[in-house]
Amino acid sequence: MHFKSSFELRDICGEQVLIANGVENIDFGALVHLNSTATDIYHNFVGKEFSADEVVEYITREYDVDAATAQKDVETLLAQLIQNGIIE
């Protein structure tokens, strides 16, 4: 999977927000707020192909979280991003 290049991460009033550009904006008229962990994931995986397992490995390496919790949280985040058309 990968983040679509038609989304851009911006800092708006101290909040990290993904904004759709171009054609994506026609079908997607909302802002997507990312918490600090999701922002970190975006910065480390944007522009490359990745798997859920790679994200889990990254999270367990960078944060104080066990693999089972990381797996559950990553699956939830990726499902939301897929549902919103931000990754494919």
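Author: Phe3 and Tyr42 are both buried, a term that denotes under 20% relative accessible area, with exposed over 50% and partly exposed in between (1.4 Å probe, protein chains only). This is a predicted model, in which local features need pLDDT of at least 70, side-chain atom pairs count only at pLDDT 80 or more, and totals for chains, interfaces and linings use all residues. Residues are numbered from 1 along each chain as its sequence is written, and side-chain values use heavy atoms, leaving out hydrogens and water.

Reader: Why are Phe45 and Tyr58 called an edge-to-face aromatic pair?

Author: Rings of Phe, Tyr and Trp (its six-membered ring) pair if their centres lie within 6.5 Å; planes under 30 degrees apart are stacked, over 60 edge-to-face, and the rest tilted. The centres of Phe45 and Tyr58 are 5.7 Å apart and their planes make 90°, so the pair is edge-to-face.

Reader: What makes this pair a tie between parts of the chain?

Author: Phe45 lies in helix H2 and Tyr58 in helix H3 (residues 52-62), so the pair joins parts 13 residues apart in sequence. Helices (H or I, at least four residues) and strands (E, at least two) are DSSP runs, numbered from the N terminus. Phe45 and Tyr58 are both buried, and ring pairs link Phe3, Tyr42, Phe45, Phe50 and Tyr58 into a cluster.

Reader: How do you know that the charged end of Lys48 sits over the ring of Phe45?

Author: The rule requires NZ of Lys or CZ of Arg within 6 Å of the ring centre and within 35 degrees of the ring normal. The charged end of Lys48 is 5.9 Å from the centre of the Phe45 ring and is listed as sitting over it.
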